[in-house]
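Please look over the sequence and the structure below before reading on. The report that follows is meant to be read alongside them.

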Amino acid sequence: MKKVQLFATFVLLLFTACQTDTVKVCEDRVCTEEFRSISVRFLDNKGESLIVKDYQSLNKRTGKVLHAGKPADYPATGYYTVVSDGDLRELSEKGDVIVVSARHPENNSLKEGQFVVAGGKCACHISKISGPEQISFD
């Protein structure tokens, strides 16, 4: 009987000792099936929505362009996607700086805005930490 207890204790210790960081870290999470995106609205000097040229959303940490020239899926014009859940794994858990830039269609002036967005391998969705709702051309 003592040998069985000793063997059982050894097996239990063996299993607990083998559990390391290689075990999936994120397996206890429960995520919703929604799809999140963050967008920005460009405005002209009169406060009207503006369809811009050369729109780009760039992750400063990785240097990767996320949504070049792609308008957001909004019914109104002037909205552009900064980042979406499709970019979730490209973002860090602490947040990455995303720089958006665009040119005015008439005078070619350049405007930029900065966002901080978190994601990462264990996140269910992106999370906006900071950034403007709209960017206005003078």
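This is a predicted model: local features need pLDDT of at least 70, side-chain atom pairs count only at pLDDT 80 or more; totals for chains, interfaces and linings use all residues.

Residues are numbered from 1 along each chain as its sequence is written, and side-chain values use heavy atoms, with hydrogens and water left out.

**Overall make-up**

The secondary structure of the protein chain comes to one helix and seven strands, where helices (H or I, at least four residues) and strands (E, at least two) are DSSP runs numbered from the N terminus. Along the sequence these elements follow the pattern α-β-β-β-β-β-β-β. Of the 138 residues of the protein chain, 32% count as buried; buried stands for under 20% relative accessible area, exposed for over 50%, and partly exposed for what lies in between, with a 1.4 Å probe and protein chains only. Among contacts (heavy atoms within 4.5 Å) between residues at least 6 apart in sequence, 63% join residues at least 24 apart.

**The sheet**

An open sheet of four strands runs in the order S2-S4-S5-S6, with antiparallel pairing; two strands are taken to pair if DSSP finds at least two bridges between them. Its edge strands are S2 (53-59) and S6, each of which pairs on one side only. On average, neighbouring strands of this sheet are turned by 30° against each other, direction ignored; the axes behind this angle are lines fitted to C-alpha atoms, for helices over the stretch in contact, and angles run from 0 to 180 degrees between N-to-C directions.

Within the sheet, S4 (residues 96-103) and S5 (residues 110-118) pair in the antiparallel sense over eight bridges. The hairpin of S4 and S5 has six residues between the strands, and asparagine 108 takes a positive phi near 65° there. S5 also pairs with S6 (residues 127-130), again in the antiparallel sense, over three bridges. Valine 116 can be followed across these pairings: it is the bridge partner in S5 of valine 97, and its own bridge partner in S6 is serine 130.

**Core and aromatic rings**

Rings of Phe, Tyr and Trp (its six-membered ring) pair if their centres lie within 6.5 Å, with planes under 30 degrees apart counted as stacked, over 60 as edge-to-face and the rest as tilted. By this rule the count comes to four aromatic pairs. Phenylalanine 42 and tyrosine 55 form one that is edge-to-face, at 6.0 Å centre to centre and with 75° between the planes. Because phenylalanine 42 lies in S1 (residues 37-43) and tyrosine 55 in S2, this pair ties together parts that are 13 residues apart in sequence. Phenylalanine 42 is buried, with a relative accessible area of 0%, and tyrosine 55 is buried as well, with 3%. Ring pairs link Phe42, Tyr55, Tyr80 and Phe137 into a cluster. Leaving aside residues up to four places away in sequence, tyrosine 55 touches a set of residues that includes Val40, Phe42, His67, Tyr80, Val82 and Val100.

**The disulfides**

The structure holds two disulfides, a disulfide being a pair of cysteine sulfur atoms within 2.5 Å.

| Disulfide | S to S | Torsion about the S-S bond |
|---|---|---|
| Cysteine 26 to cysteine 122 | 1.7 Å | about -60° |
| Cysteine 31 to cysteine 124 | 1.8 Å | -70° |

With its torsion of about -60°, the disulfide of cysteine 26 and cysteine 122 is left-handed. Cysteine 26 lies in the loop between helix H1 (2-18) and S1, and cysteine 122 in the loop between S5 and S6, so this pair ties together parts that are 96 residues apart in sequence. Cysteine 26 is buried at 19% relative accessible area, whereas cysteine 122 counts as partly exposed at 29%.

The link of cysteine 31 and cysteine 124 is left-handed. Cysteine 31 lies in the loop between H1 and S1 and cysteine 124 in the loop between S5 and S6, so this pair ties together parts that are 93 residues apart in sequence. Cysteine 31 is partly exposed at 35% relative accessibility, and cysteine 124 is partly exposed at 26%. When the bonded cysteines are numbered in sequence order, the pairing is 1-3, 2-4.
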